[in-house]
Amino acid sequence: MTPRSRSGTRAGTETTYREALREALREALSTDDRVFLMGEDVGRYGGCFGVSLGLLEEFGPDRVRDTPLSESAFVGAGIGAALAGMRPIVEIMTVNFSLLALDQILNNAATLRHMSGGQLGVPLVIRMTTGAGRQLAAQHSHSLEGWYAHIPGLRVLAPATLDDARHLLPAALADPDPVLLFEHGSLYNAAGALDPTAEGLGLDHAAVRREGTDVTVVAYGGCVPKALEAAGRLSDEGISAEVVDLRTLRPLDDATILTSVRRTHRAVLVDEGWRSGSLAAEIEARICEQAFFDLDAPVERVCSAEVPVPYARRLEEAALPQPAGIVAAAHRAVG
């Protein structure tokens, strides 16, 4: 079990991704009486991944609500609360389990504004853990955020850094429509200091995490650290890789992606989802539609193997995008 901490997070002090998320939740609960957190084990246990530890004692059971083991029921309750004027934050333990609430998310949360002619908004935030790399086997490890990025009416976020973990939640709560926040499980223990200038992040823009001139590497969530590691290895070989962190998966920030590709003339897309029908495939299509004549090489994709995520560590590592695979794809692009 991962050691747990109740410490807060202040700009410039050492913290973790988990603690940054907790501080964002604490701030939301403190500043808006309409906000409450609900989900499986978010209260007395402190969250399956320790994100909400201590919030029940601080805010009480009306604001931090443990729910029965029924994703459809508590996501539906969150939608109803949002329609009634509250600002619920619903935690689903893993993205795999969110499929049990897909009817609520797709057929209700995402469509009610359209079906009501704009009369009904659903200001709901749904948080869930995504991704593999922790030996939790196939039912707890898949990356399905690309599926949700397919659905009109949703905004889909994938914070990859401590600053995004800390500051994207307030912007998500201010959105009048449903927002899905995907937290990669491999990032919870990531440590560092918060940037004091990062407050007030918007939801519409990708971020250039490392500038470069030879190839653009596009990634999101748990693949961003791998992309940055690969860029460091490429730099040692004299190849300058620019790393673009999508941050928002729906709507995609085409402008930032295309500006980078038009400068480097090459693209490597890193996506922990399966290759067929992936988010990487959509981005590749947009690059080819809008910047085809700026490309000096075919777009490369680095995705997960098309198998259920294995439990065995070496098999799991082999199935997932890794820095070595990103470096190899960049070599093919650069030639």
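The protein contains 13 helices and 14 strands. The model is a predicted one. Along the principal axes, its C-alpha atoms fill a box of roughly 60 × 50 × 40 Å. The radius of gyration is 20 Å. A compact globule of 335 residues would have a value near 20 Å, so the protein agrees with that expectation.

One group of strands forms an open sheet. This sheet has 5 strands in the order E9-E11-E10-E13-E14, and the pairing is mixed. Strand E9 (207-210) and strand E14 (300-304) stand at the edges. Each has a single partner strand, so one side of each lacks a neighbour in the sheet. On average, neighbouring strands are turned by 25 degrees against each other, direction ignored.

Within this sheet, strand E10 covers residues 215-219 and strand E11 covers residues 241-245. The two pair in the parallel sense, over 5 bridges. Helix H13 (residues 323-334) lies across E10, strand E13 (267-274) and E14. The helix runs at about 165 degrees to E14.

Helix pairs were examined next. Two packed helices are described by the angle between their axes and by the distance between the axes. For helix H1 (residues 17-31) and helix H8 (residues 162-174), the angle is about 25 degrees and the axes are 7 Å apart. Angles under 35 degrees count as roughly parallel, so H1 is roughly parallel to H8. The crossing of H1 past H8 is right-handed. From H1, the contact uses Tyr17, Ala20, Leu21, Glu23, Ala24, Leu25, Glu27 and Ala28. From H8, the contact uses Leu162, Ala165, Arg166, Leu169, Pro170 and Leu173. By class, the residues of this contact are 11 nonpolar, no polar and 3 charged.

A second pair involves helix H3 (residues 71-83) and helix H5 (residues 102-109). These helices pack at an angle of about 25 degrees, with their axes 8 Å apart. H3 is therefore roughly parallel to H5. On the H3 side, the contact residues are Ser72, Val75, Gly76 and Ile79. They meet Gln104, Ile105, Asn108 and Ala109 in H5. This contact has 4 nonpolar and 4 polar residues, with no charged residues.

Note on methods:
Residues numbered from 1 in each chain as written. Predicted model: local features only at pLDDT ≥ 70, side-chain atom pairs only at ≥ 80, totals over all residues. Heavy atoms only, no water. Pairing = 2+ DSSP bridges. Helix = DSSP H or I, 4+ residues; strand = E, 2+ residues; numbered from the N terminus. Axes fitted to C-alpha atoms, helices over the stretch in contact; angles between N-to-C directions. Contact = heavy atoms within 4.5 Å. Parallel < 35°, antiparallel > 145°, perpendicular 65-115°, else oblique. Left-handed = near helix turned anticlockwise from the far one by under 90°. Nonpolar A, V, L, I, M, F, W, Y, C, P; charged D, E, K, R; others polar. Rg over C-alpha atoms; globule rule 2.2 N^0.38 Å.
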